Amino acid sequence: MTTTLIKDYEFSTIIGMLDFERKIPQKVRLNSSFTSDGFIDYAEMIDFIQSFYNEQKFLSVEESVEKTAGALKQKFTNLRSINLEILKIEIVKNALVGAKIELVY
């Protein structure tokens with residue numbers, strides 16, 4: 001089985017609980033790997049993830065990876081495993097902070 005990778009994809013979105021995080025989009029970095037029973041277009045997956053984040057405007061990175069993983073499984077039914085990581089890259093000086101989820105279906 002082949003694992004497909006998406007590494008260091010950056011986009012801006014509303015994510016977080018603090019007042020300024022609810023108003024000003026901040027940069028996040030996405031890293032993901034997944035296996036499937038067939039072809040999944042990683043460009044389509046990236047577009048879906050970015051759109052999903054921008055629609056949801058998550059309060060926490062933990063909530064974001066959980067709900068995004070579920071939405072990905074619904075959209076891409078032939079997913080067999082997913083490892084999804086979201087990092088906030090500008091919120092803490094000299095550090096990346098975020099959350100990661102690993103699921104096997």
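This report walks through a predicted model, moving from its core to its strands and then to its surface.

## The nonpolar core

Let's begin on the inside. The largest nonpolar core has 26 residues, and Met45, Tyr53, Leu72 and Leu79 are the ones that touch the most other members. Several elements share in building this core: strand 1 (4–13), strand 2, helix 2 (42–56), helix 3 (61–75), strand 3 (79–92) and strand 4 (95–104) each give at least two residues. Helix 2 supplies the largest share, with 6 residues.

Leaving aside residues up to four places away in sequence, Met45 touches Ile6, Phe34, Ile40, Leu72, Phe76 and Leu79.

Is strand 2 largely enclosed or largely open? Of its 11 residues, 10 are buried, so strand 2 is largely enclosed by the rest of the structure. "Buried" here means a relative accessible area under 20%.

Which strands pair with strand 2? One partner is strand 1, which pairs with strand 2 in the antiparallel sense over 8 bridges. Within this pairing, you can find Thr4 opposite Phe34 of strand 2. Another partner is strand 3, which runs antiparallel to strand 2 and is joined to it by 9 bridges. Here, Thr35 stands opposite Ser81 of strand 3. As you trace these strands, keep a general point in mind: side chains in a regular strand alternate between the two faces of the sheet.

## A nonpolar patch on the surface

Now for the outside. Leu18, Phe20 and Ile24 form a nonpolar patch on the surface, and together they have about 300 Å² of accessible area.

Where does Ile24 sit? Ile24 is in the loop that lies between helix 1 (19–23) and strand 2 (26–36). Its relative accessibility is 51%, so Ile24 counts as exposed, because the cut-off for "exposed" is over 50%.

## A closer look at Asn54

Our last stop is Asn54, a residue of helix 2. Is Asn54 buried, partly exposed or exposed? With a relative accessible area of 31%, Asn54 is partly exposed, because that class covers values between the buried limit of under 20% and the exposed limit of over 50%.

What does Asn54 touch, not counting residues up to four places away in sequence? Its contacts are Ser12 and Thr13. As for Asp8, this residue is 46 residues from Asn54 in sequence, and the two are 18 Å apart in space, C-alpha to C-alpha.

Technical notes. Residues numbered from 1 in each chain as written. Predicted model: local features only at pLDDT ≥ 70, side-chain atom pairs only at ≥ 80, totals over all residues. Heavy atoms only, no water. Patch = residues over 30% accessible without salt bridge, like charges linked within 9 Å, V, L, I, M, F, W, Y side chains within 5 Å. Areas by Shrake-Rupley, 256 points an atom, 1.4 Å probe, with all protein chains shown as cover. Salt bridge = Lys/Arg side-chain N within 4 Å of Asp/Glu carboxyl O. Helix = DSSP H or I, 4+ residues; strand = E, 2+ residues; numbered from the N terminus. Buried < 20%, exposed > 50% of the residue type's maximum accessible area, 1.4 Å probe, protein only. Core = buried A, V, L, I, M, F, W, Y, C linked by side-chain atoms within 4.5 Å. Contact = heavy atoms within 4.5 Å. Pairing = 2+ DSSP bridges.
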